[in-house]
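Please walk through this protein with me, from its overall make-up to single residues. Keep the sequence and the model side by side as you read.

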Amino acid sequence: MQEDLAIAPDPFTTKVDADPVRHQSAPIAIAQSHLSKWQTCRRKFQHTYIDSLTTPISSIQEEKMQLGQKFHLLMQQHALGLDVEPLVVNYQDRKLQKWLDCSQEWLAQLQQSIGGDRHSEHRRTLSMPGSMSGSMSESMPGSELDNILAQRPERDKAAQVYTLTAVYDLVFFADSSALIVDWKTHQKPIPTSQLRASWQTRLYLFLLAETTAYQPDQLKITYWFANKAKATTLGYDAEQHERTRADLKEILAAIDQAKQTNDFPKIELTSSAVEVCKHCDFAYRCDRDALIEADASNKNNELVELLTSRSPQISDLPTELIKHPEQLATSLEQIPEIEI
Ligand code: SF4
């Protein structure tokens with residue numbers, strides 16, 4: 001599922017109510033993207049969802065995003081039983097046509113093996129209090145939670161309620177099992193361990209288990225990578241479900257706490273943090289840009305040393321070409337005998 005589709009108008013950007021108790025009672029939607037950012041870096045979460053800071057995207061990213069959106073639209077229309085051919089013709093994109101052909105073949109096989117009803121762009125939500133304790137801390141459907149909240153003591157009313165939200169690209173509901181399908185259009189296949197640990201997998205399965213009669217071990221999620229026409233399927237069980245519940249409670253309580261104290265720290269400076277920060281749009285804002293440049297420069301120096309030892313002609317490269325590893329790699333591609 002594309003992140004943009006998964007998030008309703010951002011709840012953190014709503015106007016602050018003069019009455020803090022009333023304001024805090026308004027539910028805040030939490031999608032997988034919120035949880036991922038929180039886990040990656042709390043400062044990044046703050047900049048994105050509380051300060052509403054945005055950064056421009058490159059034309060290549062924009063193009064990829066549009067292609068992904070077109071594919072999602074095609075799959076949605078197809079699931080509704082509509083003829084998608086006119087749309088495909090209109091798009092005039094061979095890649096899109098190829099993705100569509102491969103996905104239809106795969107979907108037909110899937111439908112045959114699973115059966116049941118299928119729903120596209122299917123939304124599931126669940127209310128969950130942030131920092132309340134006891135039975136109030138259990139997740140529950142909205143109406144039930146509203147009744148309890150109406151009766152709670154005044155002191156508890158400051159506790160924030162969160163609405164966990166997922167929008168599934170496609171879900172199959174069969175008699176004794178359900179399968180979530182997520183289309184991935186702009187990525188290479190992601191390692192299974194990474195998919196398993198992702199908040200998309202965890203939240204999507206958790207919400208389906210909590211809001212339907214299916215048991216966790218009756219649920220699965222499949223990621224279909226359009227570029228490779230390859231699917232990865234992950235199962236689920238009660239143990240994972242309870243771990244996710246515990247982690248969600250912990251994260252929501254921590255978000256509550258951070259909002260109250262306005263404390264959203266940067267990630268601690270380690271070598272792995274550099275890897276995270278150098279891909280982050282807020283590196284300048286966080287004063288981490290110098291660090292990233294130093295890291296890139298060190299890597300360049302190591303790379304140049306290594307390559308120079310293999311082929312002396314590398315040392316003749318103009319220095320501006322080796323400012324960044326990507327530029328260096330591109331330049332070296334022009335030299336046939338060198339492989340990077
Ligand atoms: S640059 Fe690093 S510390 Fe700053 S928001 Fe991004 S990930 Fe967090």
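A residue is called buried if 20 or more other C-beta atoms lie within 10 Å of its own, exposed if 12 or fewer, and partly exposed in between. Apply that to Asp 287. Is this residue buried or exposed? Asp 287 has 10 other C-beta atoms within 10 Å, so it is exposed. It sits in the loop between helix 12 and helix 13 (289–310). Its phi is positive, about 60 degrees, although Asp 287 is not a glycine.

Now step back to the whole. The model is predicted, and local features need pLDDT of at least 70. The secondary structure of the protein amounts to 14 helices and six strands. Of the 340 residues, 25% are buried.

Turn next to the interior. In soluble globular proteins, nonpolar side chains tend to be buried together. Here the largest nonpolar core holds 45 residues. Which of them touch the most other members? They are Ile 180, Leu 203, Tyr 204, Leu 205, Leu 207 and Leu 208. Take Leu 205 from that group. Setting aside residues up to four places away in sequence, Leu 205 touches Leu 219, Ile 221 and Tyr 236.

Leu 208 leads on to Tyr 214. Not counting residues up to four places away in sequence, Tyr 214 touches Ala 178, Leu 208, Ala 209 and Leu 219. Tyr 214 is placed in the loop between helix 10 and strand 5 (219–225). With 17 other C-beta atoms within 10 Å, Tyr 214 is partly exposed. Tyr 214 also has a partner from another stretch of chain. Ser 176 is 38 residues away in sequence, yet the two C-alpha atoms are 7.3 Å apart.

Helix 11 comes next. It covers residues 238–261, which makes 24 residues. Its first and last C-alpha atoms are 35 Å apart, close to the 34 Å expected at 1.5 Å a residue. An α-helix has 3.6 residues a turn, so residues three or four places apart point the same way. Keep that in mind for the buried positions. Which residues of helix 11 are buried? They are Gln 240, Thr 244, Leu 248, Leu 252, Ile 255 and Asp 256. These buried residues pack against helix 3 (32–40), strand 2 (117–129), strand 3 (161–173) and helix 10 (199–211).

Follow the chain out of the helix. Just after helix 11, Asn 262 takes a positive phi of about 50 degrees. Asn 262 belongs to the loop between helix 11 and helix 12. It counts as exposed because it has 8 C-beta neighbours inside 10 Å. Its C-alpha lies 9.1 Å from that of Gln 46, although the two are 216 residues apart along the chain.

Arg 42 lies in helix 4. Its C-alpha is 7.3 Å from that of Ile 267, across 225 residues of sequence. Beyond residues up to four places away in sequence, Arg 42 touches Ala 258, Phe 264 and Pro 265. Its 18 other C-beta atoms within 10 Å make Arg 42 partly exposed.

Now to the ligand. How many residues surround the ligand? There are 13, and the closest are Cys 41, Lys 266, Cys 277, Cys 280 and Cys 286. Two elements give two or more residues to this shell: helix 4 (42–50) and helix 12 (271–277). Helix 4 gives the most, with three residues. By type, the shell divides into eight nonpolar, one polar and four charged residues. Both domains take part. The shell draws at least three residues from each of domain 1 (3–261) and domain 2 (271–333).

One last stop follows helix 4. Ser 52 lies in the loop between helix 4 and helix 5 (59–79). Its phi is near 55 degrees, a positive value in a residue other than glycine. Why does Ser 52 count as exposed? Because it has 10 C-beta neighbours inside 10 Å, and the limit for exposed is 12 or fewer.

Definitions and conventions:
Residues are numbered from 1 along each chain as its sequence is written. This is a predicted model: local features need pLDDT of at least 70, side-chain atom pairs count only at pLDDT 80 or more; totals for chains, interfaces and linings use all residues. A nonpolar core is a set of buried Ala, Val, Leu, Ile, Met, Phe, Trp, Tyr and Cys residues joined through C-beta atoms within 7 Å. Two residues are in contact if their C-beta atoms, placed from the backbone, lie within 7 Å. A residue is near a molecule or strand if its C-beta atom, placed from the backbone, lies within 6 Å of it. Helices (H or I, at least four residues) and strands (E, at least two) are DSSP runs, numbered from the N terminus. Ala, Val, Leu, Ile, Met, Phe, Trp, Tyr, Cys and Pro count as nonpolar, Asp, Glu, Lys and Arg as charged, and the others, Gly among them, as polar. Domain bounds come from an automatic or database domain assignment. The expected span of a helix is 1.5 Å times one less than its number of residues.
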